[in-house]
Amino acid sequence: MQAEDRVIHFSTELIHPPVHHKKEVLQRLYFELSQMRVAAYDSTDFSNPLQVRFHSKRGKKSESVAIFLPDRVVLIEEWADMALSDFLEKVREVGTRALAARGVPFYIVHTATLRSTFALSHFDDARAFITDRCCGQQDRIAPFLHRPIATAGLRFVLPETNDDPGAFYVTIESFRHSRNEVFVEVKGIFSKRQVGAEDMNGVLDNVRSVRTFISHRVYPYLNQFDQPQDVIS
């Protein structure tokens, strides 16, 4: 399996006690962010007062979105074209300034979601790789389901432990946009400590922990199966 994955999505939810939207406050926040390289957005959408959006589009697919709901701020990089370091800086700037703008002292829960893809070295079909090699289901599916498989996958829920903060929700699937790539999504939910403006490094560290989990734990797990097909692991 190719060691370098392709990150296609970053997102985080910063959840706080519910507040009432004030349009002028969010307009001022938009202006402040427009002065920053990593946190600027191209346009706004105030048509739904309970779901204000800042957004930018780049190229054919890449999109940046900030969504302001009554109880949270959601930051999304879809088909990401930025480095993790830039996303972290955006989380710091938007997250810190949103607390002040919305008049809340802290976030009570935060999440971090990353999606990436790994190219296989010894399989040209990720569906067969997952069903046959990872799960040992060769010739055991079609005789019963009698239908072709569009995607195949695994799902794990990993609870928080004393050594590993955050509950992790792991999805591993064949990637529908590329036959020989495996899609990985890991979502971490962190709810044990409140985070104020002075503690945003804690949020950034948890985003990094999700990235590290994909690189250092999911990758070697999958790589043990991506061997020549005449090799039995």
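User: Where is Thr-113 placed, and why is Thr-113 called buried or exposed?

Analyst: Thr-113 lies in strand S6, residues 109–119; strands are DSSP runs of E with at least two residues, and helices are runs of H or I with at least four, numbered from the N terminus. Buried means under 20% relative accessible area, exposed over 50%, and partly exposed in between, with a 1.4 Å probe and protein chains only. The relative accessibility of Thr-113 is 7%, so Thr-113 counts as buried. This is a predicted model, in which local features need pLDDT of at least 70, side-chain atom pairs count only at pLDDT 80 or more, and totals for chains, interfaces and linings use all residues. Residues are numbered from 1 along each chain as its sequence is written, and side-chain values use heavy atoms, with hydrogens and water left out.

User: Which residues are in contact with Thr-113, leaving aside its neighbours within four places in sequence?

Analyst: Contact means heavy atoms within 4.5 Å. With those neighbours left aside, Thr-113 is in contact with His-9, Phe-10, Ser-11, Glu-185, Val-186 and Lys-187.

User: What makes Val-207 buried, and where is Val-207 found?

Analyst: Val-207 is found in helix H5. Its relative accessibility is 1%, so Val-207 counts as buried. Leaving aside neighbours within four places in sequence, Val-207 is in contact with Leu-84, Phe-87, Leu-88, Ala-112 and Leu-114. Val-207 and Thr-113 are 94 residues apart along the chain, and their C-alpha atoms are separated by 7.7 Å.

User: How do you know that the span of helix H5 agrees with its number of residues?

Analyst: The expected span of a helix is 1.5 Å times one less than its number of residues. Helix H5, residues 200–223, has 24 residues and should therefore span 34 Å; its end C-alpha atoms are 34 Å apart, which agrees.

User: Where does H5 bend, and by how much?

Analyst: H5 bends by about 30° at Phe-213. The bend at a residue is the angle between axes fitted to the seven residues ending there and the seven starting there.

User: How many helices and strands does the chain have, and what percentage of its residues is buried?

Analyst: The chain has five helices and nine strands. Of its 233 residues, 43% are buried.
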